[in-house]
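Let's walk through this structure together, starting with how its parts are laid out and then moving in to single residues.

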Amino acid sequence: MKEFSYFPGCSLHGTSKEFDESVRGVATWLDIKLHELDDWTCCGATSAHSLNEQLAIEMPARNLAIAERSDRDLLVPCANCYSRFKGTEYEVREHGRKVSFPYEGKVAIHFAMDYLCGKPVIEVVKRKMVRPLAGLKAVCYYGCLPVRPPRLTGIRNYENPTHMDELVKALGAEALQWSYKTDCCGASLMFTRLDIFKRLTGKILTEAAKTGADCVVAGCSMCQMNLDTRQEDIEKDLGRKIGIPVLYYTELMGLAMGHPDTGKWLKRHFIDPVPMLKAKGLMQ
Amino acid sequence: MDARGQAPNNNTSLLSEIYQESGEKIQNCYQCQKCSAGCPLNFTMDILPNQLFRHIQYGHRDKVLSSNTIWLCASCHTCSTRCPNQIDIAKVMDNLRAIAHRTGAKSGDKNISLFHRFFLSLTKYTGRTWEPGFALYELMSGGLGGFMGWGLKAFLRGRMGIFPGFKGGAEFRNLFKEVGKGGAR
């Protein structure tokens with residue numbers, strides 16, 4: 001059994017609850033034990049690095065210091081938390097930055113998308129699969145921070161990443177090609193400038209629908225929240241219906257591996273994916 | 001003006017200030033405009049990223065710090081990965097926001113700068129982001145985002161916790177005291 005320290009992050013305890021549930025569910029199915037960090041706190045997100053760089057290093061450092069109390073690697077599903085953690089690791093390791101916590105830059109930080117879409121896990125998933133997602137057409141949407149900046153993420157093909165596509169194909173679905181894999185969804189502009197936000201997400205959703213995909217597959221809580229929960233508002237602006245479900249890759253894994261809680265995760269979506277999945281015979 | 005030189009202007013210190021705080025060399029920019037061409041927010045910025053860099057070279061401090069560009073930047077890092085001179089443009093934007101914040105420059109987008117200040121003030125006490133609290137930001141900013149209705153829908157789907165976590169204690173809150181409104185590096 002593989003064991004990780006686990007940092008869900010604030011979103012996964014709130015607006016991205018189904019991401020947390022599906023990561024945990026899939027991990028159990030894959031014989032991975034997750035130990036949530038004790039008393040973890042906010043990574044600072046966009047606001048800290050926008051206003052104060054030292055605070056933007058200290059907030060992740062506190063969590064990383066907690067993670068270093070054990071010798072387990074750290075698994076992080078949220079792209080923003082992951083990026084902040086890697087940025088802090090870089091500052092401490094490369095620039096010898098001093099922080100207020102006993103963090104030495106030792107703990108290995110893994111992004112859940114990289115780990116769960118990696119070859120070793122895909123091999124296990126293939127063996128445990130009970131219901132291949134035959135007939136499902138998907139476009140993979142990576143967003144920004146899961147791939148950029150490559151100095152921190154280590155992703156070599158950051159303009160055209162394929163690791164989530166590989167997982168989707170291994171699950172038996174079809175991964176369609178499109179040009180908007182790493183376009184920006186607007187992130188926190190959803191709260192501050194809805195007008196600009198709708199233009200960015202409207203373009204991504206329109207292009208996703210044009211490919212003929214049944215769903216968008218996302219691996220960042222911000223991306224999923226923005227494309228799914230605001231889709232009806234975006235449709236009003238565009239003046240036409242899109243109605244494309246936005247699923248987490250972990251939810252597709254749960255579906256293909258027959259995890260009994262998959263239906264519960266999918267119920268939390270604003271754009272209900274269940275009718276589409278039922279029509280394709282992928283859910284009862 | 002030669003892109004490597006510095007304009008004879010009393011305000012040129014912004015260029016060196018950025019270099020000292022972020023280590024980024026704006027003087028290396030030769031105006032290829034790749035940053036602006038690939039920027040997803042370019043349609044709404046009052047000064048494009050490459051233009052902003054020219055203004056920094058010229059020392060137009062107020063113009064740069066009060067532009068909406070620095071606040072609209074969503075930190076997507078597309079520009080940073082494409083710059084042929086390896087300028088980490090997203091990092092420079094962070095630095096410019098921090099300078100604008102601590103020097104009290106006129107904000108080029110009041111909603112966004114307010115959101116970041118609000119987010120940190122709230123999180124300081126809750127330890128973890130308390131999403132229902134964003135409703136207060138909505139009221140402060142004039143309530144145009146439709147957050148309330150959206151939040152209710154999220155709540156009904158179990159995607160919105162009601163109570164804040166209150167984690168981290170004094171150790172976490174002290175972080176905000178020690179760094180205060182201080183600089184970028």
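In chain A, the C-alpha centres of domain 1 and domain 2 lie 23 Å apart. Domain 1 of chain A covers 2-114 and domain 2 covers 132-279, with bounds that come from an automatic or database domain assignment. A word on reading what follows: this is a predicted model, in which local features need pLDDT of at least 70 and side-chain atom pairs count only at pLDDT 80 or more, while totals for chains, interfaces and linings use all residues. Residues are numbered from 1 along each chain as its sequence is written, and chains are lettered from A and ligands numbered from 1 in the order in which they are written.

Where the two domains of chain A meet, 25 residues of domain 1 are in contact with 26 residues of domain 2 (contact: C-beta atoms, placed from the backbone, within 7 Å). On the domain 1 side, the elements giving two or more residues are α1 (17-29), α4 (79-95) and α5 (112-116) of chain A; helices here are DSSP runs of H or I with at least four residues, numbered from the N terminus. The largest share of that side, nine residues, comes from α1(A).

Now look at a pair of helices in chain A. Helix α10 (residues 194-210) and helix α12 (residues 231-238) of chain A pack at an angle of about 90°, with axes 10 Å apart; the axes are lines fitted to C-alpha atoms over the stretch in contact, and angles run from 0 to 180 degrees between N-to-C directions. The two helices α10(A) and α12(A) are therefore roughly perpendicular, a label for angles of 65 to 115 degrees. Among the residues of α10(A) that meet α12(A) are A:Lys198 and A:Leu205, and the α12(A) side includes A:Asp233 and A:Ile234.

Which residues does A:Tyr249 contact, leaving aside its neighbours within four places in sequence? They are A:Met113, A:Leu116, A:Cys117, A:Met164, A:Leu167, A:Val217 and A:Gly219.

Chain B is also divided, into domain 1 (13-103) and domain 2 (110-179), and their C-alpha centres lie 28 Å apart. B:Ala105 sits in the loop between α7 (89-103) and α8 (110-126) of chain B. Leaving aside neighbours within four places in sequence, B:Ala105 is in contact with B:Leu65, B:Ser66 and B:Ala100. The C-alpha atoms of B:Ala105 and B:Leu65 are separated by 6.3 Å, although these residues are 40 residues apart along the chain.

Key
Parallel < 35°, antiparallel > 145°, perpendicular 65-115°, else oblique.
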